[in-house]
Amino acid sequence: MTPPPAAPGPRQPAPPAGWKRTAARLPVHLFRMGLGPLFRSRLLLLVHTGRVTGEQRRTVLEVVAAERVDGRRAWTVASGFGARAHWYRNLRAAPQAVAQVGRAYHAVSARFLTPEEGGESMTRYAERRPRTARRLCAYLGRPVDGGAEDYRRAGEVLPFVVLVEDHP
């Protein structure tokens, strides 16, 4: 007997290609030119190790939350392209990385949130940035009505990572 078809899950958008990829990579170049402070603490540059090549890779990510964990700085980020995003898979293989926030560099270790913790993070993010949260959910094929429960469900399917500073 064959199992019933799985319920359709959230749509995982394909990573950008062509000119959209070039445009998406522009913030990486701005960080490398020393213009990281333009983004304040809204974006960070993550320098991580490629899981196949072992080479340094750079990705700019939006900061969902900045806080302190046991007296150390921590930044929560989400993978809008799901668990298949290269930076996410690279962190899974080697959780040590460097985060550049503004002009400051921080050695960090990745901690991967559970779906429940991701739901809570998304709910708090939606409270702070409702328009951006609504657009992100629509992009992912998860339209929301603006209620906390919708954002919680959307956050439970997004992989969230907390980048915790190794030394205070």
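Contact, in these views, means heavy atoms within 4.5 Å. Keep in mind too that everything shown here is a predicted model.

**View 1. Helix α4 and its buried face.** Helix α4 runs over residues 130-139, and its buried residues are Thr-132, Ala-133 and Cys-137. Looking down the axis of α4, you'd find these buried residues within an arc of 135°, so they line one face of the helix. What do the buried residues of α4 pack against? Their partners are β2 (56-62), α3 (115-128) and α5 (148-157). After α4 comes Gly-141, with a positive phi near 80°.

**View 2. Glu-165, a buried charge in strand β7.** Strand β7 covers residues 160-165, and Glu-165 sits in this strand. Is Glu-165 buried or exposed? Glu-165 is buried, yet has no salt bridge. The nearest side chain of opposite charge belongs to Arg-73, 4.8 Å away; a salt bridge would need a side-chain nitrogen of Lys or Arg within 4 Å of a carboxyl oxygen. Leaving aside residues up to four places away in sequence, Glu-165 touches Arg-72, Arg-73, His-106, Ala-107 and Val-108.

**View 3. The largest nonpolar core.** This core has 18 residues, and those touching the most other members are Leu-44, Leu-46, Val-77, Trp-87, Leu-91, Val-161 and Leu-163. Which elements give two or more residues to this core? They are β1 (43-49), β4 (72-78), α2 (86-93), β5 (96-101), β6 (104-112) and β7. For a sense of the packing, take Leu-44: not counting residues up to four places away in sequence, its contacts include Phe-31, Val-60, Leu-61, Trp-75, Val-77, Val-101 and Leu-163. Apart from this core lies another one, of 16 residues, with Val-64, Met-122, Ala-126 and Leu-140 among them.

**View 4. Two loop residues with a positive phi.** Most residues other than glycine have a negative phi. Arg-40 isn't a glycine, but has a positive phi of about 50°. Look for Arg-40 in the loop between α1 and β1, where this residue is exposed, with a relative accessible area of 69%. Asp-70 also has a positive phi, of about 55°, without being a glycine. The loop holding Asp-70 lies between β3 (65-69) and β4, and at 70% relative accessibility Asp-70 counts as exposed.

**View 5. Phe-81 in the loop between β4 and α2.** Phe-81 is found in this loop. How exposed is Phe-81? Partly: its relative accessible area is 24%, and residues need to be under 20% to count as buried. If you'd like a sense of distance across the model, Phe-81 and Gly-147 are 66 residues apart in sequence and 23 Å apart in space, C-alpha to C-alpha.

View 6. The protein chain averages a pLDDT of 89, with 92% of the residues scoring at least 70. Which element has the highest mean pLDDT, and which the lowest? Strand β7 has the highest, at 98, and helix α1 (residues 19-32) the lowest, at 84. Now find residues 3-8: pLDDT stays under 50 there, and the model gives this stretch 0 contacts beyond four places in sequence.

Terms used. Residues numbered from 1 in each chain as written. Heavy atoms only, no water. Helix = DSSP H or I, 4+ residues; strand = E, 2+ residues; numbered from the N terminus. Buried < 20%, exposed > 50% of the residue type's maximum accessible area, 1.4 Å probe, protein only. Lys, Arg positive; Asp, Glu negative; His and termini not counted. Arc of directions from axis to C-beta. pLDDT = per-residue confidence, 0-100. Core = buried A, V, L, I, M, F, W, Y, C linked by side-chain atoms within 4.5 Å.
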